[in-house]
Amino acid sequence: MPQSHPGAEPPAAGRPAGKPGGGPAGPPAAAQPEEAEVLRHLLRSPGYLKLLGFCALIGVPVSLAAFWFLVALHKVEHALWTDIPEALGHDTPPWWWPLPLLLLAGTVVGLVAKHLRGGGGHVPASGLHTGGATSAALPGVVIAALACLPFGAVLGPEGPLIALGGGLAVLFRNLAQVPATAQSTALMGAAGAAAAVAAIFGNPLVAAVLLIEVAGVGGPQLFAVMLPALLSSGVGSLVFTGLGRWTGLATGNLSVHHGGPLPRLDAADVVWAVVIAGALAVALHPVLAGARAIAGYVAARPFVRTVLCALGAAACACLYALITGRSPGEVALSGQATLATLAADPHAWGVGALLAVLLFKGVAYALCLGSLRGGPVFPALFLGAVAGVLLAPLPGLGAVPAMAAGLAAAAAATLRLPVSSVVLVVLLLGSAAMMPVVILAVVVAFVVTELLPVAPGAPAAP
């Protein structure tokens with residue numbers, strides 16, 4: 001989508017630079033159409049309208065694939081961490097349980113990273129990506145995700161879902177013999193990713209906003225990407241809702257429900273939200289920087305070092321279980337299910353358990369970000385919620401505002417997508433009552449994160 005117009009004529013020689021009366025200089029209106037006219041021209045073009053309709057159709061098969069993918073992850077995780085331990089006579093998984101599971105996960109992901117095209121997807125330490133969606137990378141993405149996410153990797157499914165949705169959209173585009181251009185590939189990838197991600201966040205709006213910010217576009221391009229992504233994610237949400245009711249199967253969703261009504265905010269909540277946001281941004285900075293350094297370390301010898309990092313994450317979960325007597329699954333896995341139980345009954349966690357899970361899950365998170373395959377969002381949200389619960393007893397601070405500030409700050413510091421972080425946390429809380437705290441925490445955490453020293457970037461997948 002052009003943003004400049006090379007065919008426009010420059011002002012004639014000797015023409016006044018400014019408007020009559022000393023106004024600022026500017027190109028003639030006819031030489032450079034306004035952005036609104038560019039958008040109208042784009043929406044009138046048959047090619048873009050056809051692409052928009054194709055994105056709506058793509059939302060159906062992509063959502064079907066994403067639904068069964070999430071069902072498979074949910075079923076395998078439940079079997080590995082609940083059914084099999086109970087069949088062996090354990091109420092919760094024993095302390096050593098993560099070791100064999102993450103050893104297997106590291107082995108499979110290491111082999112995928114070394115031998116399969118695309119390396120199983122982007123290294124999660126490099127953040128979320130929509131670019132480079134290819135159908136050839138799909139087998140590696142699916143195998144790596146199924147091998148590590150249910151087996152205890154401290155990562156979420158959003159990264160593989162973005163790769164899965166984008167790759168499937170491009171695959172269907174090729175099967176339909178739609179002309180392939182750089183623009184159509186980018187739009188197809190964004191639309192397919194939005195359709196896949198909409199389900200895991202429980203709302204198509206979150207998926208659309210997230211994909212818009214991840215794509216990093218502006219001006220007319222913002223609307224050009226937003227419309228297919230929003231339309232496709234809306235269709236995908238309808239498909240997910242219908243499939244879930246029809247089949248009775250669960251894919252899991254990210255939600256935070258509180259037992260009582262939300263409290264009113266006061267001045268202390270706002271002040272403490274600023275403190276919590278700044279502190280969390282500073283605390284998460286070495287975790288994310290360490291993850292990028294680990295990614296560089298793993299890239300030199302992907303198989304052996306991926307296995308070593310997976311075993312390191314397993315050791316963190318084992319040590320946590322030995323020290324606290326709690327389930328190692330609270331450190332292993334994404335934290336999606338544990339976040340819901342923490343929000344429902346935060347008093348069930350002692351101060352020692354909260355400190356231990358912050359320490360051990362933070363280290364395991366960095367190891368998995370730099371070596372395995374997944375997304376960074378869910379564990380970061382869990383760590384933010386734990387920090388909020390731990391700091392809730394501060395004078396004048398309530399549990400709900402503290403958790404809201406922790407969630408918002410962790411999301412902004414990890415994703416570095418401020419609008420997406422606000423929308424995601426407000427929808428997770430299920431109410432706009434905490435929106436002032438959420439927005440303030442997001443802005444503070446985002447600014448602090450941007451001002452901290454920049455760590456070397458993580459290498460992308462081959």
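Mentor: Happy to! The structure holds 2 salt bridges, where a salt bridge is a side-chain nitrogen of Lys or Arg within 4 Å of a carboxyl oxygen of Asp or Glu. Before we zoom in, please keep in mind that this is a predicted model, in which local features need pLDDT of at least 70 and side-chain atom pairs count only at pLDDT 80 or more, while totals for chains, interfaces and linings use all residues. Residues are numbered from 1 along each chain as its sequence is written, and side-chain values use heavy atoms, leaving out hydrogens and water.

As a general point, side chains of opposite charge can pair when their charged atoms come close. Let's start with Arg416 and Glu450, whose closest N and O atoms are 3.0 Å apart. This pair links distant parts of the chain, 34 residues apart: Arg416 is in the loop between α14 and α15 (418-429), while Glu450 is in helix α16 (residues 435-451). Helices here are DSSP runs of H or I with at least four residues, strands are runs of E with at least two, and both are numbered from the N terminus. Arg416 is partly exposed because its relative accessible area is 31%, and Glu450 is partly exposed too, at 37%. For those labels, buried means under 20% relative accessible area, exposed means over 50%, and partly exposed lies in between (1.4 Å probe, protein chains only).

In the other bridge, Glu330 meets Arg326 at 2.9 Å, N to O. Glu330 counts as buried because its relative accessibility is 12%, whereas Arg326, at 24%, is partly exposed.

Now to helix α14 (residues 399-415) and its partner, helix α13 (residues 377-391): their axes come within 7 Å and cross at roughly 145 degrees. Axes are lines fitted to C-alpha atoms, for helices over the stretch in contact, with angles running from 0 to 180 degrees between N-to-C directions. The contact divides into 11 nonpolar, 4 polar and no charged residues. In that sorting, Ala, Val, Leu, Ile, Met, Phe, Trp, Tyr, Cys and Pro count as nonpolar, Asp, Glu, Lys and Arg as charged, and the others, Gly among them, as polar.

What about covalent links? A disulfide is a pair of cysteine sulfur atoms within 2.5 Å, and the count by this rule comes to 0. The sulfur of Cys318 is too far for a bond, because the closest cysteine sulfur, in Cys316, is 9.2 Å away. Cys318 is also buried, at 5% relative accessibility. Likewise, the sulfur of Cys368 lies 7.9 Å from its closest cysteine sulfur, in Cys148, too far for a bond, and Cys368 is buried at 0%.

One last stop is Thr306, in helix α10 (residues 302-324). Thr306 is buried, with a relative accessible area of 1%. Not counting residues up to four places away in sequence, Thr306 touches several others, among them Gly106, Arg301 and Ser371.

Technical notes
Contact = heavy atoms within 4.5 Å.
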